[in-house]
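Hello,

Here is the structure I promised to pass on to you. My notes on it follow below, so do read them with the model open.

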Amino acid sequence: MAQCVRTSLNPLPSPLNSAKTPTQNPLFSSISSFEAKPNASKYPKISLSVMSSQGQPGVPTASLDALLNSGRKEEVFSTIKGSLHNCLSETNLQLTVPGLKSKTRGKVRDIYDSGDCLVLVTTDRQSAFDRILASIPFKGQVLNETSLWWFNRTQDIVPNAVLSVPDKNVTIAKKCSVFPVEFVVRGFVTGSTETSLWTVYNSGVRNYCGNVLPNGLVKNQKLTANILTPTTKAEDHDVPVTPDEIIERGLMARAEFDEAREKALSLFEYGQRVALEHGLILVDTKYEFGKSSDGSILLIDEVHTPDSSRYWIANSYEERFQNGLEPENVDKEFLRLWFRENCNPYEDKVLPDAPEELVCELAWRYIFLYETITKSRFQMPSMEEPIHDRISRNVSSALSSLQLAACADELGAEDKLDCSVCSTVMHGTLV
């Protein structure tokens, strides 16, 4: 029997593993790494210094209120409110795009089989507690474009399945054998769902997914080392699993798991470093991997989005932690907490509607996080063309181009114009 992977943790925090010195960015004049401090107060001291820029016109201070209520928010908030009833909650591309064979409806993504590749449409559906809670304006575009930004920057850590991005909400990806395991990486003891680290720890669990946890940890405390807490699926519910169980159940071979584990931890460490350089803490996240036809392991699904990750504001974390306050978060946690306070999201058959002000605030926070991480401005989509029509048009064009490329690869140079599909596309009659 394979031995269980264990990580021994101590209650006192330690520096974030990073050999690189954070660089300056337009929001913050200096960002230091985590530094262990003595126990001089109620909780273990964690020093995370993010100094706001001083005397620089147009540079916001590093408080959550100042950042989230900036002039930029005023620019986009009216557009968000005007789009509450124009969200992309459902797609049916199999009815509008030739060549799509089937549709699989996930919590957030609609996945279509085109034969040689997959078309992944990121909708505006908001999920948590294994339920759909609401539809958030522009969320699908934010997630798709955020993932693409990270995919482009992590290819040296692990290759990904992306073939093309023909639309703001769409990624076309290579087909691969998806491992039925989610690689959840955590740097802090936090969370409010049934499988979150704080929930299980607070219930008395001290050995979670092969990680031995000490007594004395408090909510939102930084772990001395990042840990992997994998889950697998059972009737659409995340189920914690140990590395040994993954191997014993045949979900992954040992070598496959070891490689994916190493890649997941490396991705998370890189994500933490980039987030901190932008004044944010990447708290935890999840990754999914697949195996390509040549046997290589690919990163799939999404990367470091506010849907798959928790982000906190860095400069206020330490003071709030010392005072027993919740960190300032820029993800969907506040919406989770609202549902927990107003219903039983796991058991109630009918959930209350999320208040419009919370939906709009979440849409803005997703946009804010995208702009903070990428240092680029989120481009609002044009409303002149219905979003489903736009996606159908762009996906049809992209699939035609991919067919053209595949045809060109198969045919010799002298025979390329003999292919009717190639000839039609090359002469511009297929649009």
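**What I found**

The protein has an accessible surface of about 19,500 Å², and carbon and sulfur atoms account for 49% of that (Shrake-Rupley method with a 1.4 Å probe; for residues, only the protein chains shown count as cover). Please keep in mind that this is a predicted model, in which local features need pLDDT of at least 70 and side-chain atom pairs count only at pLDDT 80 or more, while totals for chains, interfaces and linings use all residues. Residues are numbered from 1 along each chain as its sequence is written, and side-chain values use heavy atoms, with hydrogens and water left out.

The protein contains 11 helices and 22 strands (DSSP runs numbered from the N terminus: helices are H or I with at least four residues, strands are E with at least two). Of its 431 residues, 53% count as buried (under 20% relative accessible area; exposed is over 50% and partly exposed lies in between, with a 1.4 Å probe and protein chains only). Among contacts (heavy atoms within 4.5 Å) between residues at least 6 apart in sequence, 66% join residues at least 24 apart.

**A sheet and its helix**

Strand β6 is joined to β7 (residues 109-113) by four bridges, the two running antiparallel, and Lys103 stands opposite Tyr112 in β7.

**Salt bridges**

The structure holds 27 salt bridges (a side-chain nitrogen of Lys or Arg within 4 Å of a carboxyl oxygen of Asp or Glu). One of them brings together the side chains of Arg72 and Glu371, at 2.7 Å from N to O. Arg72 sits in helix α2 (residues 71-82) and Glu371 in helix α9 (residues 356-374), so this pair ties together parts that are 299 residues apart in sequence. Arg72 is buried, at 13% relative accessible area, and Glu371 is buried as well, at 16%.

Lys219 and Glu326 form another, with their closest N and O atoms 3.3 Å apart. Here too distant parts of the chain are linked: Lys219 is in the loop between β16 (211-212) and β17 (221-228), Glu326 in the loop between α7 (317-322) and α8 (333-342), 107 residues apart. Lys219 is partly exposed at 26%, and Glu326 is partly exposed at 37%.

Glu385 also meets Arg393 in a salt bridge (2.8 Å, N to O). Elsewhere, salt bridges that share partners join Glu90, Lys103, Arg105, Asp110 and Arg125 into one network.

**Ser292**

Where does Ser292 sit? Its place is the loop between β20 (280-291) and β21 (297-300). Ser292 counts as buried because its relative accessibility is 14%. Its side chain makes polar contacts with the side chains of Asp294 (2.2 Å) and Ser296 (2.7 Å); a polar contact is a pair of N or O atoms within 3.5 Å, where within protein one must be able to donate a hydrogen and the other to accept it, and residues adjacent in sequence count only if both atoms are side-chain atoms. Leaving aside neighbours within four places in sequence, Ser292 is in contact with Cys176 and Leu298.

Best wishes

Notes
Pairing = 2+ DSSP bridges.
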